[in-house]
Amino acid sequence: MNDRPTHLDSIVIGAGIAGIYMLHKLRDEAGLTVRAFDKAGDVGGTWYWNRYPGAAADVDSIVYRYSFDKEMLREWQWKTRYATQPEILDYLRAVVDRHDLRKDIQFDTAVQSLTYDEPSRLWTARTDSGEVFTARYVVSALGPLSSANFPDIPGRDTFAGPVVHTGAWPADLDVAGKRVGIVGTGSTGTQFICAAARTVEHLTVFQRSAQYVVPSGDKPLSDTYLAEVRENYDEIWERVFTSRVGCGFQESQTPAMSVSEAERRRVFEEGWQAGNGFQFMFGTFADLPFDPAANEAAASFIRSKIQQTVRDPETARKLMPTDYYAKRPICNSGYYETYNRDNVTLVSTKENPIARITPTGVVTEDGTEHELDILVFATGFDAMEGSYHRIDLRGRDGVRLGDHWGDAPSSYLGIAVNGFPNLFMVFGPNSVFCNLPPGLETQVEWIAQLVGSAEERGITRIEATAAAEEGWTTQCREMAEHSLFAQTESWIFGTNIPGRKRRTLFFFGGLGAYRERLGAIVAADYEGFTLDGRTAPATV
């Protein structure tokens with residue numbers, strides 16, 4: 001790396017799904033000199049770090065991928081409906097090698113600070129190894145779920161065995177034959193529970209919030225099915241990019257309460273048998289996240305499935321959610337069935353909180369010590385904004401990004417922030433809530449188009465206006481407040497972090513509407529951005 005230039009056209013931070021594609025777009029299509037940095041030892045981002053048992057995507061593998069490489073769409077062989085972590089990592093490595101991107105990625109390197117210099121209109125990046133780089137553009141592809149959240153529990157540091165977060169799973173850690181405790185039952189936690197229960201001596205699940213979990217419907221993909229998918233990929237991607245959540249299935253347009261109760265149960269049962277959390281929430285009826293009556297119909301259906309499945313009435317009671325079915329949708333193969341195993345114990349920490357951690361286990365408030373060999377935290381992430389707080393990021397006049405944000409993050413389109421020229425975020429705060437790969441592709445392509453336009457026109461400064469940032473943030477907040485998502489405690493609103501003020505972190509208008517908005521902004525000559533002194537007024 002020492003023979004490479006320290007002044008670049010663009011720096012990309014992160015080598016996950018977004019960073020890989022951003023490097024390709026800026027280097028290979030825009031013709032810029034680019035270097036990507038990642039603190040990991042290889043590409044993959046989320047899929048490099050999250051190696052816990054059961055780690056997999058819960059969106060169909062045929063659309064949990066890039067759409068841009070048509071040849072790889074025809075050639076790549078997904079094995080099952082959902083791609084596992086090793087498969088996704090292999091796929092991303094194959095993309096990197098196919099496009100010869102590895103030579104411009106610097107691994108084992110964390111960017112510690114970014115500082116903008118107004119006179120030169122350059123960003124200076126300093127790494128943890130003491131290297132210094134300058135660039136005209138910086139694209140942060142830090143990942144929305146990359147800053148791990150550890151709850152502050154007394155005695156956590158005293159535990160004698162391994163204490164791990166699922167988001168940083170050691171490659172050599174094996175849970176087989178061990179007494180394992182897991183704190184957290186979100187998407188990651190439920191995946192781990194289903195996988196680990198089959199191999200551990202005993203699994204103790206510390207559940208804070210009961211979850212609505214539907215079957216995944218995972219199964220091998222036949223050659224016939226894959227051939228049909230490849231033949232129809234243009235139609236599939238069109239459906240993805242014009243839909244709400246971008247998961248590839250046909251989203252419902254039917255309100256739940258417009259049909260009879262018998263018909264609702266039929267549709268729910270059909271969705272339950274088909275599997276997939278997003279499909280159950282958005283493919284059965286159109287208004288589950290918005291209409292309380294529709295939502296309760298779905299919630300009641302899932303609760304009836306829990307009651308039918310879990311043999312122990314007390315365990316079934318603890319597993320019954322009572323709030324809205326309005327968190328990030330979850331699906332697993334056999335989640336509720338797992339609690340019928342003799343080697344699985346459920347502890348509801350709302351009823352019996354964790355008092356402290358000892359060298360040998362976890363003590364709950366009733367005085368019981370749950371003896372453990374390994375303690376696992378599936379307690380999520382400081383979503384969307386957390387990774388930005390780990391970089392000393394200063395824009396115009398030395399203003400820190402954290403100070404600009406204050407107690408809640410903001411952005412224009414989830415991409416840009418006023419006062420931070422030529423800095424672009426891929427899936428920053430208030431990006432669209434959807435299947436990540438097509439959402440990331442959407443933003444990467446739009447950023448590359450904007451940079452390409454600036455290069456052609458000799459524009460040296462691209463900056464979101466304060467009015468545009470405020471307008472977009474307000475629109476995202478008002479839209480979120482009209483959904484039932486806003487009435488649950490969830491990482492989607494940052495409330496998984498103790499003491500954190502509820503904030504809006506997503507645009508809930510859907511991927512199709514978001515892409516339309518991006519197109520309209522381009523048509524209006526990048527409305528809401530100052531382009532080298534020319535301001536186009538923003539309207540929301």
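This is a predicted model: local features need pLDDT of at least 70, side-chain atom pairs count only at pLDDT 80 or more; totals for chains, interfaces and linings use all residues.
The sheet to begin with is an open one, in which three strands follow the order β13-β14-β15 with antiparallel pairing; strands here are DSSP runs of E with at least two residues, helices are runs of H or I with at least four, both numbered from the N terminus, and two strands pair if DSSP finds at least two bridges between them. Because β13 (354-358) and β15 (369-371) stand at the edges with a single partner strand each, one side of each is left without a neighbour in the sheet. From one strand to the next the twist averages 20°, where the axes are lines fitted to C-alpha atoms, for helices over the stretch in contact, and angles run from 0 to 180 degrees between N-to-C directions. Between β13 and β14 (residues 361-364) there are 4 bridges in the antiparallel sense, and T358 has G361 in β14 as its bridge partner.

Residues are numbered from 1 along each chain as its sequence is written, and side-chain values use heavy atoms, with hydrogens and water left out.

Now to strand β1 (residues 7-13), which is mostly covered, since 6 of its 7 residues are buried; buried means under 20% relative accessible area, exposed means over 50%, and partly exposed is in between, with a 1.4 Å probe and protein chains only. To which strands is β1 joined in the parallel sense? One is β6 (residues 132-140), which runs parallel to β1 and is joined to it by 6 bridges, with I11 standing opposite V138 of β6. Another is β2 (residues 34-37), paired with β1 in the parallel sense over 4 bridges, where A36 is the bridge partner of V12.

Let me turn to empty space. Rolling a probe the size of a water molecule over the atoms shows where empty space is left. On a 1 Å grid over the protein atoms alone, a cavity is a set of points where a 1.4 Å probe fits but cannot get out, while a pocket is an open set with protein on both sides within 12 Å along at least five of seven lines, and lining residues have an atom within 4 Å of a point. Grid points are joined across faces, edges and corners, and a volume is the space filled by probe spheres set on the points.

The second largest pocket holds about 480 Å³ of space. Of the 21 residues that line this pocket, D60, I62, R81, Y225 and G248 are the closest to its centre. The elements that give two or more residues to the lining are α6 (223-231) and α7 (233-242), and the largest share, 3 residues, comes from α6. By class, the lining has 10 nonpolar, 6 polar and 5 charged residues, where Ala, Val, Leu, Ile, Met, Phe, Trp, Tyr, Cys and Pro count as nonpolar, Asp, Glu, Lys and Arg as charged, and the others, Gly among them, as polar.

The largest cavity has a volume of about 70 Å³, and its lining includes Y212, D323 and R328; the lining residues divide into 7 nonpolar, 1 polar and 3 charged. The second largest cavity, with a volume of about 50 Å³, is lined by R244, V245, F282, F433, F485, F508 and G510.

I will finish with some single residues. Where do D100 and N422 lie? D100 is in the loop between α4 (85-98) and β3 (105-106), and N422 is in the loop between α13 (401-405) and β18 (423-425). Phi is near 55° for D100, a positive value in a residue other than glycine, and near 60° for N422, again a positive value in a residue other than glycine. D100 counts as partly exposed at 41% relative accessibility, whereas N422 is buried, with a relative accessible area of 1%.

G439, in helix α14 (residues 436-457), is buried with a relative accessible area of 0%. Contact means heavy atoms within 4.5 Å, and G439 touches F427, C434 and L511, not counting residues up to four places away in sequence. T284, in the loop between α9 (277-283) and α10 (292-309), is buried at a relative accessible area of 7%.
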